[in-house]
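Look at the sequence and the model below before reading on.

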Amino acid sequence: MAILNILNYPDPRLYTVAKPVKEVNKAIQRLVDDMAETMYQAPGIGLAATQVDVHLQIIVIDVSEDKNRLQVFINPTVKASIGSREFEEGCLSVPGIYEQVTRAEKIIVEALDRDGNVFVIEAEGILSVCIQHEIDHLLGKVFVQYLSPLKQSRIKNKMQKRVRGR
Ligand code: NI
């Protein structure tokens, strides 16, 4: 396995729209495993392929306390969204920034697992937020884009300063 490089906002590659995975083969499973290792090492609770500059519809998530419940979503689609709720979000591509975002409270998602089998999951709480956040990445969207233009430019400046300071 390998640790992959995570793109940082406002890298324009984060705005790429991911394509569906045609076949869950060994190469895709290797990518899934590398993404999981990258997420755990960061550490984070979710990672979309977009963030490692691979523009395929793949997400890995682990919201468990002991970090032993990996969930893989390949070609995820939201079948239903129920209610709305505000939640504080962060992102491995926007380190150090945490902001409130309003999203659906509960969602029903259909996807393929690491073996290419279809499953449907009803998610609420942090898992629901995380899935919606990661699906946004696949659509080329970063969570800060929900914030006011003023906040967005402040965050951009902060991120660019951080890069120059390295
Ligand atoms: Ni993110």
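Which residues does Met-39 touch, not counting residues up to four places away in sequence? The answer comes under the next heading.

## Met-39 and its surroundings

Met-39 touches Gly-44, Ile-45, Gly-46, Leu-47, Val-60, Ile-61, Asp-62 and Leu-70, with residues up to four places away in sequence not counted. Contact here means heavy atoms within 4.5 Å. Met-39 is part of helix α1, residues 26-41. Its relative accessibility is 0%, so Met-39 counts as buried. The cut-offs for these words are under 20% relative accessible area for buried, over 50% for exposed, and in between for partly exposed, with a 1.4 Å probe and protein chains only. Met-39 and Met-159 are 120 residues apart in sequence, and their C-alpha atoms are 20 Å apart in space.

## About the model

This is a predicted model, in which local features need pLDDT of at least 70 and side-chain atom pairs count only at pLDDT 80 or more, while totals for chains, interfaces and linings use all residues. Residues are numbered from 1 along each chain as its sequence is written, and side-chain values use heavy atoms, with hydrogens and water left out.

## Overall fold

The chain has three helices and seven strands. In sequence order the pattern is α-β-β-β-β-β-β-β-α-α. The radius of gyration is 15 Å, close to the 15 Å that the globule rule gives for 166 residues, so the chain is as compact as a globular protein of that length. Helices (H or I, at least four residues) and strands (E, at least two) are DSSP runs, numbered from the N terminus. The radius of gyration is taken over C-alpha atoms, and the globule rule is 2.2 Å times the number of residues to the power 0.38.

The C-alpha trace spans about 45 × 40 × 30 Å along its principal axes. Of the 166 residues, 45% count as buried. Take the contacts between residues at least 6 apart in sequence: 65% of them join residues at least 24 apart.

## Surface and charge

The accessible surface of the chain is about 8900 Å², and 49% of this belongs to carbon and sulfur atoms. Accessible areas come from the Shrake-Rupley method with a 1.4 Å probe, and for residues only the protein chains shown count as cover.

The chain carries 21 positive and 21 negative charges, whose mean positions are 9 Å apart. Lys and Arg count as positive and Asp and Glu as negative, while His and the chain ends are not counted. Each charge is placed at NZ of Lys, CZ of Arg, CG of Asp or CD of Glu.

## The nickel site

Which residues coordinate the nickel ion? They are Cys-91 through SG, His-133 through NE2 and His-137 through NE2, at 2.1 to 2.2 Å. Donors are N, O and S atoms within 2.8 Å of the metal (3.2 Å for Na, K and Ca); water is not among the atoms, so sites may look incomplete. The spacing of the donor residues in sequence is C-x41-H-x3-H.

His-133 and His-137 are four residues apart in helix α2 (residues 125-138), so about one helical turn separates them. Both His-133 and His-137 are buried, and the relative accessibility of His-137 is 0%. Apart from residues up to four places away in sequence, His-137 touches Leu-14, Thr-16, Ala-48, Thr-50, Gln-51 and Cys-91. His-137 and Thr-50 are 87 residues apart along the chain, yet their C-alpha atoms are separated by 6.2 Å.

## Strand β3

Gln-71 lies in strand β3, residues 71-82. Gln-71 is buried, at a relative accessible area of 10%. Beyond its neighbours within four places in sequence, Gln-71 is in contact with Ile-59, Val-60, Ile-61, Ile-121 and Leu-127.

Asn-75 is also found in strand β3. Asn-75 has a relative accessible area of 18% and is buried. Its phi is near 50°, a positive value in a residue other than glycine.

## Backbone details

Where are the cis peptide bonds described here? One runs from Tyr-9 to Pro-10, with omega near 5°, and Pro-10 lies in the segment before α1. Another joins Ala-42 and Pro-43, with omega about -5°. Pro-43 is in the loop between α1 and β1 (46-48).

Asp-53 has a positive phi, near 65°, and is not glycine. Asp-53 sits in the loop between β1 and β2 (58-61). With 33% relative accessibility, Asp-53 counts as partly exposed.
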